[in-house]
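Please open the structure in a viewer and follow the selections below in order.

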Amino acid sequence: MYDPAFLHRAIAISAEALTTPGTEPFGAVVVKDGAVVGEGINRSVLNHDPTSHGETEAIRDAARTLGTVDLRGTQLYSSCEPCPLCVAAMMIAGVSELYYAADMDTAGAHLGGLPESARFPVDVGAMREQCGLPAGDRTMQSAQHQSDRAAEVLARWARHVSGH
């Protein structure tokens, strides 16, 4: 259930980018049972990590705090509509609900004109389109190799964790 206090917190975290070098104004919190269990701000530049978005940082923090990668039953509050990378991370972690403030169009209107030296340009529309395609249909060159070897490792691991 939506609680405006948590969205206010996500926006407050995003505002830390005004005074914290290497961060960008995207903040997020993960909530479980009415309490914040994870927080994050975009630290991509600071961490030299293009996946260090506010949402992924909040998910990582929540997983460490709760001691699990299973975040079913949690809510994620974000200062901005999450990109496809962050949506995928939420789905992998099992986040149950998402609430956000600014949408992608608003973010693009304010950040789209920045020079590349200030912010690496990301075409969110292209990212959304490409993420849903099979690897061979994407514009990024890809090729499958050594499938049998990789499949054997997967099968061995599955047998190991299932006790067979």
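Begin with the second largest pocket, whose volume is about 260 Å³. A pocket here is an open set of points, on a 1 Å grid over the protein atoms alone, where a 1.4 Å probe fits, with protein on both sides within 12 Å along at least five of seven lines; lining residues have an atom within 4 Å of a point. A volume is the space filled by probe spheres set on the points, which are joined across faces, edges and corners.

The model is predicted: local features need pLDDT of at least 70 and side-chain atom pairs pLDDT 80 or more, while totals for chains, interfaces and linings use all residues. Residues are numbered from 1 along each chain as its sequence is written, and side-chain values use heavy atoms, without hydrogens and water.

Select Ala126, Met127, Gln130, Cys131, Ala135, Arg138, Thr139, Met140 and Ser142 to display the lining of this second largest pocket.

Next, turn to the largest pocket, which holds about 770 Å³ of space. It has 32 lining residues, and those closest to its centre are His53, Arg119, Phe120, Val122 and Val124.

Finally, select Cys86, in helix α4 (residues 84-93); a helix is a DSSP run of H or I with at least four residues. Cys86 is buried, with a relative accessible area of 1% (buried means under 20%, with a 1.4 Å probe and protein chains only). Leaving aside residues up to four places away in sequence, Cys86 touches His53, Glu55 and Thr56, contact being heavy atoms within 4.5 Å.

Note on methods:
Helices (H or I, at least four residues) and strands (E, at least two) are DSSP runs, numbered from the N terminus. Buried means under 20% relative accessible area, exposed over 50%, partly exposed in between (1.4 Å probe, protein chains only).
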